[in-house]
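This report looks at a helix contact and at several charged pairs in one protein model. Please keep the sequence and the structure in view while reading.

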Amino acid sequence: MNVFRGMRGLALGLSLGSFCSWAVDGKALRTELVLAHYAEDLSWVSRYLGKDNIDVTVYSKADDIPEVAGALVLPLANFGRESHTYLHHIVHNYDCLADWNVFSQATTPGWGYLIGGSNNGHLNDKVSFDDYVRPFPQGRDSMFVMTAATQFPQAAQATRLGSVVQGLPSEGAEACPKKGADGWTDWWFAPDHPHLHGGDMLHFYHTYISLDKNEGEALTLCFAQGARFAVSRARIQQRPRSYYSRLLALLAKDVNPQEGFWMEAAWYDVFHPEALQSKTPLCPLPVARDAHDAMPLGPYFLDSVRQRVANASGDACSDCASKVDARRLYYGMYGAVTSTTVSNAMMPAASIARRLQADADGWVLVFRQTAPFLWTKDTLSLNPGSPSNDNFAILDKLEDYRNKGGAFTFKLQWPRDSLKAQIWNQSRNPAVAGVLGYQAVEVPYTDKSWGGLERGNDNSLLDGSVNSIAWFYAIGTYALWFGGYPGPFGTAVNQVELYVKLPEDILDGNGSMCIKIP
């Protein structure tokens with residue numbers, strides 16, 4: 001074992017940067033296991049200790065730091081989940097990384113993930129931890145076994161069949177299932193999934209991972225559930241140290257940041273800038289028209305998984321389908337579901353997805369324009385996956401929000417101009433034609449021929465000056481008007497937002513959100 005390990009550990013513990021030797025102890029390659037520890041039993045690590053070509057570094061965020069003879073155990077502040085640990089290691093060892101680096105949570109490696117079980121080791125079927133430890137498998141400079149896929153911003157999920165059931169003849173240590181799209185479950189959706197706990201994943205991905213412009217396009221990422229992978233020193237160093245330092249600073253702000261969950265899905269793209277999944281799909285996946293096609297978790301989904309397992313196993317594993325355990329899919333299926341009501345009444349996935357776009361009062365943003373941006377004529381959709389964008393529209397989806405009476409409830413507001421909001425009902429879709437069925441709810445402004453929203457003229461996409469050549473209360477302005485956009489009572493405003501109220505079938509009797517899933 002490298003005699004400089006203790007000195008390097010001291011430098012790390014004091015946060016003084018890298019101090020290391022490139023002595024290799026007579027071995028052509030050096031492997032380092034980097035383990036993110038909190039309270040896990042580390043006895044399984046013993047088989048890798050005392051090897052001349054393997055170093056074991058444990059970063060512990062526990063209150064009581066464990067002792068592991070033969071391993072370097074370092075305390076680390078409890079921030080940022082396992083991704084913070086990995087980034088800390090890379091940043092502080094950037095110039096002296098091992099030839100081959102295995103990153104893993106400290107949980108005992110084992111097959112799959114079972115809620116309530118003691119062995120949630122995140123390994124795909126027919127894969128062992130040794131497969132990660134062996135450097136450069138088949139000449140590859142990284143090892144990722146993708147066991148999950150996610151679609152952002154809706155966070156629909158697909159699960160690799162090899163992590164759901166054992167015995168499928170086609171499974172193994174390949175990055176993607178040999179069966180292609182048939183090696184995955186159908187897309188599924190859980191309203192309490194960690195990817196949906198808040199924030200804007202697309203902004204995070206393009207700002208910190210891909211380092212390119214966020215065009216608002218949907219993003220699909222295949223990833224190793226549990227954040228276990230192995231990469232060479234050269235592949236890590238394709239990105240500069242400053243890239244990792246920026247991510248580390250972001251994750252060091254909280255114990256359990258939302259970005260920590262997103263990082264789990266983004267690690268492949270971190271290390272493969274030449275093969276970003278935002279540009280080129282990594283694995284063939286089940287086809288879905290869009291993320292709203294995902295199935296809610298429940299008996300119907302479980303049946304679909306068993307059918308896909310049966311198709312993938314054929315005669316080689318006649319009982320594989322019967323072995324599918326629902327607890328290996330997702331905890332919300334039969335465990336506690338945060339902020340939801342569990343019943344036998346199944347809400348359509350599209351309805352759940354729409355609810356997750358709403359604020360606490362049930363309002364969904366469908367349009368925003370911010371000066372000096374000029375709208376493109378007849379554009380109904382802009383940056384649809386990025387509602388935090390200064391300029392955003394999903395006006396092509398308005399029909400999804402009609403209430404049981406066939407009408408819409410709209411709210412028009414100007415958040416940068418200290419004006420009150422307009423709230424009203426109308427039965428005709430303003431993106432289609434003129435106003436019909438207008439009914440005021442809270443309408444402080446009635447000047448300039450206000451009467452709801454209608455399709456606009458040559459100056460804007462929509463406006464509220466009904467049956468008039470004027471175009472006040474404008475939505476989607478094509479040309480600036482006195483440096484802004486025409487608002488109420490002849491005022492030029494700097495930002496316009498339009499919201500629509502969720503239909504009653506996605507609200508409970510008190511007007512608060514109440515999702516019902518099987």
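Is Asp130 buried or exposed? With a relative accessible area of 17%, Asp130 is buried, a word that here means under 20% relative accessible area, while exposed means over 50% and partly exposed lies in between, as computed with a 1.4 Å probe on protein chains only. The model is predicted, so that local features need pLDDT of at least 70 and side-chain atom pairs count only at pLDDT 80 or more, whereas totals for chains, interfaces and linings use all residues. Residues are numbered from 1 along each chain as its sequence is written, and side-chain values use heavy atoms, with hydrogens and water left out.

**Salt bridges**

Side chains of opposite charge can pair when their charged atoms come close. A salt bridge is taken here as a side-chain nitrogen of Lys or Arg within 4 Å of a carboxyl oxygen of Asp or Glu, and by this rule the count comes to 17 salt bridges. The table gives some of them.

| Pair | N to O distance | Relative accessibility of the Lys or Arg |
|---|---|---|
| Arg47 and Asp130 | 3.0 Å | Arg47, 51% |
| Arg241 and Asp95 | 2.8 Å | Arg241, 27% |
| Lys323 and Asp319 | 3.5 Å | Lys323, 48% |

Arg47 and Asp130 meet in a salt bridge, and this pair links distant parts of the chain, 83 residues apart, with Arg47 in the loop between β1 (31-37) and β2 (54-60) and Asp130 in helix α3 (residues 129-133). Helices (H or I, at least four residues) and strands (E, at least two) are DSSP runs, numbered from the N terminus. Arg47 counts as exposed, whereas Asp130 is buried.

The side chains of Arg241 and Asp95 also form a salt bridge, which joins helix α6 to the loop between α2 and β4 (100-105) across 146 residues. Arg241 counts as partly exposed, and Asp95 is partly exposed with a relative accessible area of 46%. Asp319, the partner of Lys323, counts as partly exposed at 37% relative accessibility. Arg30, Glu32 and Asp55 are linked in a network of salt bridges.

**The contact of α2 with α6**

Arg241 in α6 is also among the residues that meet α2, where contact means heavy atoms within 4.5 Å. On the α2 side the residues are Ser83, His84, Leu87, His88, Ile90 and Val91, and those of α6 include Tyr244 and Leu248. The residues of this contact divide into seven nonpolar, four polar and one charged, where Ala, Val, Leu, Ile, Met, Phe, Trp, Tyr, Cys and Pro count as nonpolar, Asp, Glu, Lys and Arg as charged, and the others, Gly among them, as polar.
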